[in-house]
Amino acid sequence: MKSSSSRRTIVSTLIIIATILSILFTSCIGGFGTSDTSVMYCTTSQYWSISSPNGQIEFELRLAEHNTTTTHLAYDLLSNGTHIIQASYLGLQLDPGNIGMNLTHIGCSYSSHDEVEEWTFGPVSTYHDVYNALTVSFIDPYTFIELEIEVRVTDQGVAFRYILPQQPGTNGATITAEDTRFRFLDDHQGYRQYGTEADYVLQKISSITGKCENPLTIDLQDNGLVSITEAAVHDYPRMYLTSNAPNELRSVLASKVVLSGTHKTPWRTILIADSPTDLIDASHMVHFLNEPSAIGNTSWIRPGSTIRDCQLKTSNSLACIDFAAEQGLAYVELDAGWYGKEWSTKDATKVAVDGLNLTRIIEYGKEKGVGVIVYVNRVALVGKIDKLFPLYQQWGLAGVKMGFMDGRTQDGINFIHKAVALAAKHKLVIDVHDNYRPSGYERTYPNLMTIEGVQCDEHPVKAEQNCILPFTRGLCGPIDKAHRFYVMNGATTKTHQLAMPLIVFSPLAFLFWYQNPQKVEGDSGLDAWKALPTVWDSTAYLDCEIGGYVTVLRTSGSTFYLGSINGPDERSISVSCDFLQNGQSYIADVFTDATNGSLSHRTYEVGKSTIINEELGARGGLFIRFCVNDTSNATEYPPVFIGPYHRQIIQDEILLFKCVELNGHKDIEISFITNADFISFDPISLTVSGRPNNSDVGEHTIQVEMVQGGISVGSATYTIVVEDKNDPPRFLVRPASIEFRREQLCCYCFQVTDIDPTGDQLRWDIETNASFINFDEDLGIVYGIAKQVDIGRSFLNITLSDGRGGSDHLNTTIIVRCTLVNNTSGSMMVSAAEVTSVSTHSNMNGTSSSIVHQYVNYSLAHDDPTDDNGSTNISVQVINQWDHDTGDGPKDTDDELPSMILICCVIVSCFSIQSLVFGILFRSRDKRPRASKDEKKKGGK
C-alpha cells in the first residue's frame, strides 16, 4: 500500500509538472508544419554535404536548430558557391506520429554512378547518366521510426526522396502530409499553373496559392533558372506547390498515402540551368531517376505518328489506313463512341456502332502496316482491364488511349501504372489522357508512349503558351498535344502548328486531330509531316525565350529537322547551317506562312556555310527539313511524277501540291500546260498552286512533261475538279459558358443555321466530361439534372457537320451552380459565393415553437483557380443564438473562442507531456529500438 501510495504521489507530482511544462511548451515551440521557417544553425549541428561530379552544385543536409530545444531536418542548395535554396525543412506528417524533428543520426553512405545508357524511345539516342549519391539514416528517439534521405546530385540539378524502411511503426500508417519546402533568397517569379489545362502565368512566389502544378519553373534573374518537379511518382499522389512564407514554397499532396512495406516517396527534383536551352538538357534526369525497363523485348513497341478517326464508319477508317500508309504514319486511332457513350457505357468488349466492322479495320491495317488504337474511358476501364487487355490483344489491336484518368491520387496513379504494366504483357501501347502527368515511368514501361496532362491543341492555345510549354510541362515527359494543322482555330498559324511536333516531344504523335484524309490530299504540308520521326538521335534547343519564341533542331539518321515557333511579336530569325556535315550538299525544304494565311513551300540547296534568314509573323512558325543531296544516286532513283492525278477542290479553297520529284537530277526541264487561269506552277519547288472562284467550277486538266536533253522522259495528266462551294452550317450564338442549377432540369438549345441545305444531312458530335448531360440531336438541345457532385465547371465540345465536308466547332463551358440560401434567423449575404448544401439542427422550446438555438453549416463553392474544375469547397459554420420570445439578438461568442482554444491546447499538451514523461520513466535508458518478443523473454526491457 505504501509503495502504491508513493507511486500515486509521484504520478500526481508529474501531472502538475507536465501541466506547467505544457503551457511553456505550447508557447515556446512552433508546431510541426507551421510557417516558421527560421533556422538558426549552431556550431554543433550535424550536416552532410555532397557535390555534383563537376563540383559546381552542392547539397547540404543538416540537423539544424529549430529553437533552443529542438532540431529540424533541413537542407541547403548552392550553385557555383551561391545559395539557390537555403534553410528549407524536410519532414513527413504521419498518422501516427510526425517525423522530421529531433531525429538521431544512425548512419550514412556515399556512392557514385557513371554510365552511358541507350534511350531507345527518347529525344536523344544516348544519355550520360553520371551523379554522386548520398544516403543518410535517422531514427526518431520517441517513436522509433527510421527514416532515410537519399540524395542524387548531377551537373544539372539535385534530387532527393524519403525512404521509410519496413518497420512496425509504419505498417498500415498513413502519410497525411509532406513537409518539403523550397526557401529561396528572394521573392522570385515563377511560371505558375492552376490545373493541368490552364494557362501559365508569371507570378511571384509569395502570390502562388492553392495548388500550383509542377514543374514550376522559377526565374532567378542573374542566377539563371530552376524548375521544381518530381520523378518516379509511384504508389504515391501527385505533388502540388503553394506559398508557405516569404520566398518559400511548400509541397502539398493530392491525397493521403497508405504505407505498406518499405516505402519510397517520389524524387523531389530541382533542375538548375543558366539558360532556357540548358533547362531542357537538365530535364533528362527526370527520366533516368526511374527504374530501368521492365520489358525484356521492346521490339514490338513502334514509335510513330497517328491520325484520329472520329466518324466511326468502316469506309472512313479504311480511308484513314490508306492515308496513314501513304504518309508513313504508324497508327489510326478510333476515338470515343465505338463501344457506346463514353461516360455511361461501362462495357468496352463489343462494338456498339452499326456498320463499324472493327475486325475488318484491324485486318486491313495489318495488311498496310498500320496499327489500330482504340479510345476507352475510365468508367469502362476501372476494374475491367484484366478482361479487356487480353481481349484487345486477341482482336489484334495495337494500343489503347485511356481517357479521363485520375492522375492525382495514390489510388488513381496506382491504377494507371497497373494498366500500363498489364498492357505491356499483352503488347499494347498506351496513351494516357487528362490530369495524369509524366514523371519518368515511361522508362520502366516504354509502352507508355505519350501522355496528355497539358493544354493541348483541341483548345485554342495561345502562341505564347506554346512558347512556355517546353520549359514547364515539357520538362517532365512526353506530351500528347493533338496537333491541328488542317483545322485552324485562329490562335496560331499553319506553320506554327506544322513545327509543333518538333517543339514538343512525343514518341506517339497525333498529327491529324480534326481532319479526314479527304480534306488534306494535295497540301504541301503533307510533305513536311510525311514519315516524320517521333524519336530522335539528337535534340538541341538553339535559341529560345520563354514565352517569346523557341527554335529546336532534331536529327534522325542523316536528316535534320528544324522547327521554330513564334509568340505574339513579329521577329527576324537567322539560322546558321553549321550543324550540317562539312563538304556535303543538302536540299532544304522550307515551309513558312504566306501573306494570305496559307502555307509557303520552297526548296533550295544549302551547305555548312549557308545562313537562312526568315521573317516570322506574330504567332507564326518555320519548318525546315535538310536531306542529303546525293546526286551520285540519280540514276538509281529516277525522276517521278507524284500522284494522285485526280484531285477535287471546292471553290475558294487553296490548291497546292507537288507534282514532280527530281531525286537529285538537275538537267531536267519541266513543261507545264493547263487550260485553267487560276492554276500556276513554280519551277523551283515543282508545286502547283491556285485558288478557284465561282467561275472556275468544273473540270480542268494539267499536262506536265519532263524533258532531258531535248527528249521527253515522261509526262503526266492531272485532272482538277472544282466543286461548288458548300457553305457549312454555323452556330448563330456562341456562348462562352452555359449555366445549370443543381437539382433542376435545365436545358440549352443551340441556335444554328444551315446556309447551304441542299444535300446536307446535319450531324452533331458532342464531347463532354459532364456525366449528367444528355443531348437531343433532332432539336440540338443539351439538358440534364445536375447533382451535388456536378457543381463546378465541365467542358463541352460540339461539332456540327453537314455530311459534305462542311462543319462548325463550338467549345464552351458548363457551369453548375445552385441557389443562394439565407440564414432563417436573419439575412446572411455571401459575396462571390453560392450555398451548395445546408444542414440545420434546432432545439425546440417545449412550450413554444420558436427556435431558441440554431446551428447552420454552409458549404460554399466559388470560382477559384486552385482547382481544375474552377471551384473550391469551403466549410463555414455560422452559430446564431436567437431567442424570439425575449427579442434578444445573436449573442457574440467571439470573446469565448480564444480562451476555449487555449484550454484545448493546454489539455492536449498535458497529455503530450505526460506521455513523454511516462515514456522516459518506464522506457529503457538504452536508446536502441524496442526489444523483440524473443528478447523480452530473455530478460530484455
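User: How do H7 and H8 run relative to each other, roughly parallel or roughly antiparallel?
Analyst: This is a predicted model, so read the geometry with that in mind. The axes of H7 (residues 385-395) and H8 (residues 410-425) come within 10 Å and cross at roughly 30°. Angles under 35 degrees count as roughly parallel, so H7 and H8 are roughly parallel.

User: Which residues of H7 make the contact with H8?
Analyst: On the H8 side, the contact uses Phe 415, Lys 418, Ala 419, Leu 422, Ala 423 and Lys 425. By class, the contact of H7 with H8 has six nonpolar, one polar and three charged residues. The H7 side is made up of Ile 385, Asp 386, Phe 389 and Gln 393.

User: And what is the handedness of the H7 and H8 crossing?
Analyst: Here we're still on that pair, whose axes cross at roughly 30°. The crossing of H7 and H8 is right-handed.

User: Let's move to Thr 551: does it count as buried or exposed?
Analyst: Thr 551 sits in strand S29, residues 549-556. Its relative accessibility is 3%. Buried means under 20%, so Thr 551 counts as buried.

User: Which residue's side chain does the Thr 551 side chain join in a polar contact of 3.0 Å?
Analyst: Leaving aside neighbours within four places in sequence, Thr 551 is in contact with residues including Tyr 541, Asp 543, Leu 562 and Ile 573. The polar contact of 3.0 Å runs from the side chain of Thr 551 to that of Ser 564.

User: Zooming out, what percentage of the chain's residues count as buried?
Analyst: The chain's secondary structure comes to 14 helices and 56 strands. Of its 941 residues, the share that counts as buried is 53%.

Conventions
Residues numbered from 1 in each chain as written. Predicted model: local features only at pLDDT ≥ 70, side-chain atom pairs only at ≥ 80, totals over all residues. Heavy atoms only, no water. Axes fitted to C-alpha atoms, helices over the stretch in contact; angles between N-to-C directions. Helix = DSSP H or I, 4+ residues; strand = E, 2+ residues; numbered from the N terminus. Parallel < 35°, antiparallel > 145°, perpendicular 65-115°, else oblique. Left-handed = near helix turned anticlockwise from the far one by under 90°. Contact = heavy atoms within 4.5 Å. Nonpolar A, V, L, I, M, F, W, Y, C, P; charged D, E, K, R; others polar. Buried < 20%, exposed > 50% of the residue type's maximum accessible area, 1.4 Å probe, protein only. Polar contact = N/O pair within 3.5 Å; in protein donor to acceptor, adjacent residues only side chain to side chain.
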